[in-house]
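This report describes how the parts of a two-chain model are arranged. Please keep the sequence and the coordinates open while reading.

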Amino acid sequence: MHFKTTLAGLLAATMLAGAGSAQAETLRLLTWGSYAPDELIEKFEAEYPDIDVEVTFSNNEEMIAKLRATGGAGFDLAQPSHDRIYAAQLEYDIYKPLDLSKIDTSVMEAKLLDGVKENTTIEGEVYAVPHQWGTSGLMADKTKAPDLKSWADLCNPAYEGKTSMRLKRTILLGTAFSMGEDPFAAYSDLDKYQGILDKVAEKLIECKGNIKAYWKGGDDLSAMMLSGEIVGSETWDSTAYKLFDQNENIVFVPPKEGALAWIDTFALPRKAKADDAAYKWINFVLRPENVTLMSASTGAIAAVKGGQDLLPEDKKAAVNAAFTAEDIDNLKFFANIPPGVEDMEGKTLEKIKAATGG
Amino acid sequence: MMQNKDIKRLSLYLLFAPFALWIILLVILPHIGMVVLSLKEKIAPRVYEYSFANYLEFLHEPIYWNTLLRTGSMSLLVTALALLIGFPIAYYIAKIAGPRSRGGLFLLCLIPLWVSDLIRAFGWILLLRETGVISNFLLWTGLIGEPVEFLYNDVAVIVGLTYTVILFMIVPLVSTLDGMDNAMIEAGYNLGGSGFTVLRRIIIPYAMPGIVAGCIVTFMLTAGSYLTPILLGGKNSSWFTEQIYNQFITRFNWEGGAAFGMLLLFFTSLVIWLGLKLSGQTLANTVAKS
């Protein structure tokens, strides 16, 4: 009898606790490291005192894995790249359509907005809008590797043991472009794409002897580059911009095949519970004064009109040192990944890692 | 009378409950989930069928079982190294050191565990990298002419792993050796045995349960480790846990990843079973005892 009363008491206590915390709304962000700087969160919470912001840092693959594990629960706003929405939605049903009337899309750069909409529309419903964009390409210490201009130059024997890359899909795509292929066009014919992947694997296995080590995150890449252990690498542009701050000889190099451009987006997880707070956050971070704060933290360019002019001064200098207008025209935007391609690419990457090439 | 018995039974249940909950909720249920998941095969988006396809895939692809064998053999090497280095340390702590210094020495062995795996791996990176402490020191002494890269190879992985797991070898060894009567060693010498004979015929047989317990724990920890091999390993160093991560995260292939997880469990269990058979020990008198 005693036992039962205690249990009932406990239950009541938990329910009360649950009711108490439901009063203040919580916005649970699932985003990239540096995409939610403390300064912006404090500003947002000051403007909307009834919303608490909770942030989980992640990357594309882990965002999808986390949402898949719960069927789209546990977070209120996610920020996957534009090419990671269509197939993930078809396969795992983890997002819900956006209500575009609640987002101030008029401030967004029309070209990027249309591109993302086109990539993420399923049965007439739009699942994402753009937030920030940037590129993957090369970085080089221009005093030591002035001629590093193409993806293929990472395998140039002149830089033996002095280059690095991340063993992920970017280098597969870049290498394919450097071999004169168009991997994005081949997405519609997966047999043809497998053929390209096989050729790329062969080339990258041959190249292993030239690579010092595969980098795994921005930190080990930065350490290798700043210490001079490597002279060139495949990189995210934002990492290169950060290093440019510390050593002006280290610049981002858009490969002559075209830098690969990604757009990180806003998407609502299927079981999100704070849609209104999420829309408020989206509109908040797209305001010009907040865009500069965000870009200072991320190193990426906001997908708003004049986003490049809203970069903080140091980042603007780094971008201008890296890109000409021609390079911008030459950008290759990541194409939607159809179902099955991640598995094919993953297998190719495993093959390269396991090969004893160098 | 009756009431007393009920209370006893209730307190027994209550004491047992945390253990039972832990085993059922955190060990048995997730493993059942993994087995079910590993037996599913993806036919089309959102369509799955039960089959052994994921296990067959492992058998058909040499990359996977080569990585598993590589992980297994390197883990055995790490276990052997930990035993070779750990045994003299444990013997010194248990038998030679005075009662006052013993605690201090034990503490010194424990201190590395106070920082996380990740920090320890970064420590090794700082020491071993081309522009790191060891390379610079050797340059300064003039032993080498230009910087040498010690990082990003299998030796670095083995050194890092041995360092991480050696404590789990030392602790069970110290506790078994501690219980050994010094008179047994004296008797061995009195009867004319050499130092080596005493070690081989008296100390090692006595310490066998501790040795086996330490080996099982270090082997399991090494084969299942993720951070150290990833961070210290080079461009050819694959570790089986990395394959599991790739299946789950990079390839979105949870079914394959679950199958790999079960295979790692079977494989390590098999190695331990073989080890117990060969050494003539049982789980009950080794791990359960220490």
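How are helix 10 of chain A and helix 13 of chain A oriented to each other: roughly parallel or roughly perpendicular? Helix 10 of chain A and helix 13 of chain A are roughly perpendicular, a term for angles of 65 to 115 degrees, while angles under 35 degrees count as roughly parallel, over 145 as roughly antiparallel and the rest as oblique.

This is a predicted model, in which local features need pLDDT of at least 70 and side-chain atom pairs count only at pLDDT 80 or more, whereas totals for chains, interfaces and linings use all residues. Residues are numbered from 1 along each chain as its sequence is written, and chains are lettered from A and ligands numbered from 1 in the order in which they are written.

**The helix pair**

Helix 10 (residues 237-246) of chain A packs against helix 13 of chain A at an angle of about 110°, and the two axes are 9 Å apart. Helices (H or I, at least four residues) and strands (E, at least two) are DSSP runs, numbered from the N terminus. Axes are lines fitted to C-alpha atoms, for helices over the stretch in contact, and angles run from 0 to 180 degrees between N-to-C directions. The crossing of helix 10 of chain A past helix 13 of chain A is right-handed, meaning that the near helix is turned clockwise from the far one by less than a right angle.

From helix 10 of chain A, the residues A:Asp237, A:Tyr241, A:Phe244 and A:Asp245 meet A:Asp314, A:Lys315, A:Ala318, A:Ala321 and A:Ala322 of helix 13 of chain A; two residues are in contact if their C-beta atoms, placed from the backbone, lie within 7 Å. By class, this contact of helix 10 with helix 13 of chain A has five nonpolar, no polar and four charged residues. Ala, Val, Leu, Ile, Met, Phe, Trp, Tyr, Cys and Pro count as nonpolar, Asp, Glu, Lys and Arg as charged, and the others, Gly among them, as polar.

**Domains**

Four residues of domain 1 of chain B touch seven residues of domain 2 of chain B.

**The sheet in chain A**

Three strands of chain A form an open sheet in the order 2-1-3, with parallel pairing. Strand 2 (51-58) and strand 3 (77-78) of chain A are at the edges, each with a single partner strand, so one side of each has no neighbour in the sheet. Strand 1 (residues 25-32) of chain A is joined to strand 2 of chain A by eight bridges; two strands pair if DSSP finds at least two bridges between them.

**Between the chains**

The contact between the chains involves 22 residues of chain A and 20 residues of chain B. Helix 15 of chain A provides the largest share of the chain A side, seven residues.
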